[in-house]
Amino acid sequence: SLKARSKRADAKGAAAEPSVGTVSGEPWWTPAELIARFYTAFSESLPAKLAFLAIGAGLLVGLAVLVPKVEVGYKEADLAKKGSYLARGIKAMNEQVYSQHLEELVVFGTGVDYTRDQSRILQTYELLRQSEWSAYGSGLGRTGAAANTWLNSMYESAGVAPHWNLYNDSVDPGWAFYDDFHLWRKPQVFLEPRYPAGDIDYLSFGGLFAGLLYSVNSFPYSSADGPDDYSSDNKIVLSWQRVELDMTKLQHTDDRVQMVRDFKAITQGSGLNVYMLGEQYTQLEQFLNLDNYFWQAAGISMLAVFVVALLLGMSWCAAALIAAFALALCVEVYGSLYLFDISYQTLACTSMLMSIGISVEFVAHPVAAFEFAVGTRSERLAEAMRRTALPVLEGAISSFLGFAFLAASDFEFVTKYFFEIGRASCR
């Protein structure tokens, strides 16, 4: 009958229509269709969704907890070839230098008026010498006259500065300073006859102290003749003094960074153009505000991902989801540094910021496919993953293969800061 034929046609048409998970008409056993079937079942199972949510949240929280444990700094041995003589030498040197002291410079720069600012110079140096990072006063540091500044040495040289403490300020009056200074540093055995006979014996060891202990004759001077001009018109342009560091307290980069912060506070608090100079400070300067700059850059990158997603036609929710996952991966890579024994420094920060861009490859495609799919939520999820799961997986594999060869490097630095961080970004 006509009615029966109509029912058979409807049944035949329904059979011809692909069900969810076979929307492409491909066989059920193809990878894309198997993925679609899996996500169809997954979307309909509340326990499965809760389990995956718990795993993801646990991984994020667990790695985020490790972030404060990541060591700031660098390891010199990482720069040497694995097992090389240089690597062993660096390790041995570091183990020995921690039981000794290291000297770095405090510079009293241009603009310091030595006729007026002597008190602040002496006070600043005394604060540095009394800090917890100083080796002075310990078995590792100098003591006595050898621990003085060149100013102290000048004032303690008998008969050189007869007007010292004239106004009870423990310094030379401004009008007498350069006369006494040049007399003290001038290489001579007897003092010039400027004092009453019998007051002093005219023997002068000031020039000896100046030349051998403090090298004041190497200071820049205002005169074209430099240190050879002993007239009171020849002014000091800048001077410096060594500060001995107690390396037993500076074995970790966190302590070194705190030392630089403390010394900066002291020098800047002087109100003078005073600063620390040396390899320690040059290497550590990058760490003072590195974390602040990193999180600012991460926030700006996340905002850029959000805005670009909106411009590509995604909804506010989808754009926010992509940006949130990008930041989550960045945090997970950060925590992974602790597991891989990688120090937190500029190169690691750069790689972590790059992970935000890499994460878009893994998140944006499935979210975009879900956004533009039609049907129920389960159907849209299945269709999105059927179309994007394999390409995303292939992208992860190709990205990993691009730097996998770095794992065979003979240099620990390459293995840690390029291979390990890249692997964490693609997991």
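At 39% relative accessibility, S170 counts as partly exposed, and this serine is a friendly place to begin a tour of the model, which is a predicted one. S170 sits in the loop between α6 (150-156) and α7 (174-185). Its phi is near 60 degrees, a positive value in a residue other than glycine.

**The whole protein**

- The protein has 15 helices and three strands.
- It is made of 427 residues, of which 42% count as buried.
- If you take the contacts between residues at least 6 apart in sequence, 68% of them join residues at least 24 apart.

- D341 is found in the loop between α12 and α13.
- Phi of D341 is near 55 degrees, again a positive value in a residue other than glycine.
- With a relative accessibility of 42%, D341 counts as partly exposed, because that value falls between the 20% limit for buried and the 50% limit for exposed.

- Helix α11 covers residues 290-311 and helix α12 covers residues 316-339; their axes come within 8 Å and cross at roughly 150 degrees.
- That angle makes α11 roughly antiparallel to α12, because angles over 145 degrees count that way.
- The crossing in which α11 passes α12 is right-handed.
- On the α11 side, the contact is made by D291, F294, W295, A298, M302, V305, F306, A309 and L310.
- On the α12 side, the partners are W316, A319, A320, I322, A323, L327, C330, V331 and Y334.
- Helix α12 also meets helix α13 (residues 346-372): the two axes come within 8 Å and cross at roughly 145 degrees.
- This crossing of α12 and α13 is right-handed too.
- Here α12 contributes A318, L321, I322, F325, A326, L329, C330, V333, Y334 and L337.
- From α13 come A348, M352, S355, I356, S359, V363, A364, V367 and E371.
- I322, C330 and Y334 of α12 take part in the contact with α11 and also in the contact with α13.

**Helices α5 and α9**

- The axes of helix α5 (residues 118-130) and α9 come within 9 Å and cross at roughly 165 degrees.
- α5 is therefore roughly antiparallel to α9.
- The crossing of α5 and α9 is right-handed.
- Where they meet, T124, L127 and L128 of α5 touch F263, I266 and T267 of α9.
- Q268 also belongs to helix α9, which runs over residues 253-269.
- The relative accessible area of Q268 is 57%, so this residue is exposed.
- Although Q268 and T124 are 144 residues apart in sequence, their C-alpha atoms are 9.5 Å apart in space.

**Cysteines**

- The structure holds zero disulfides.
- C349 is in no disulfide, and the nearest cysteine sulfur, that of C330, is 8.9 Å away.
- A pair of cysteine sulfur atoms would have to lie within 2.5 Å to count as a disulfide.
- C349 is buried, with a relative accessible area of 5%, whereas C317 is exposed at 62%.

**Q280, a buried glutamine**

- Q280 is part of helix α10 (residues 279-284).
- Its relative accessible area is 9%, so Q280 counts as buried.
- Leaving aside residues up to four places away in sequence, Q280 touches L102, E104, M247 and R256.

**L406, between α14 and α15**

- L406 lies in the loop between α14 (377-404) and α15 (412-426).
- L406 and F419 are 13 residues apart along the chain, and their C-alpha atoms are separated by 5.7 Å.
- Beyond residues up to four places away in sequence, L406 touches V414, T415, F418 and F419.

Methods:
Residues numbered from 1 in each chain as written. Predicted model: local features only at pLDDT ≥ 70, side-chain atom pairs only at ≥ 80, totals over all residues. Heavy atoms only, no water. Helix = DSSP H or I, 4+ residues; strand = E, 2+ residues; numbered from the N terminus. Buried < 20%, exposed > 50% of the residue type's maximum accessible area, 1.4 Å probe, protein only. Contact = heavy atoms within 4.5 Å. Axes fitted to C-alpha atoms, helices over the stretch in contact; angles between N-to-C directions. Parallel < 35°, antiparallel > 145°, perpendicular 65-115°, else oblique. Left-handed = near helix turned anticlockwise from the far one by under 90°.
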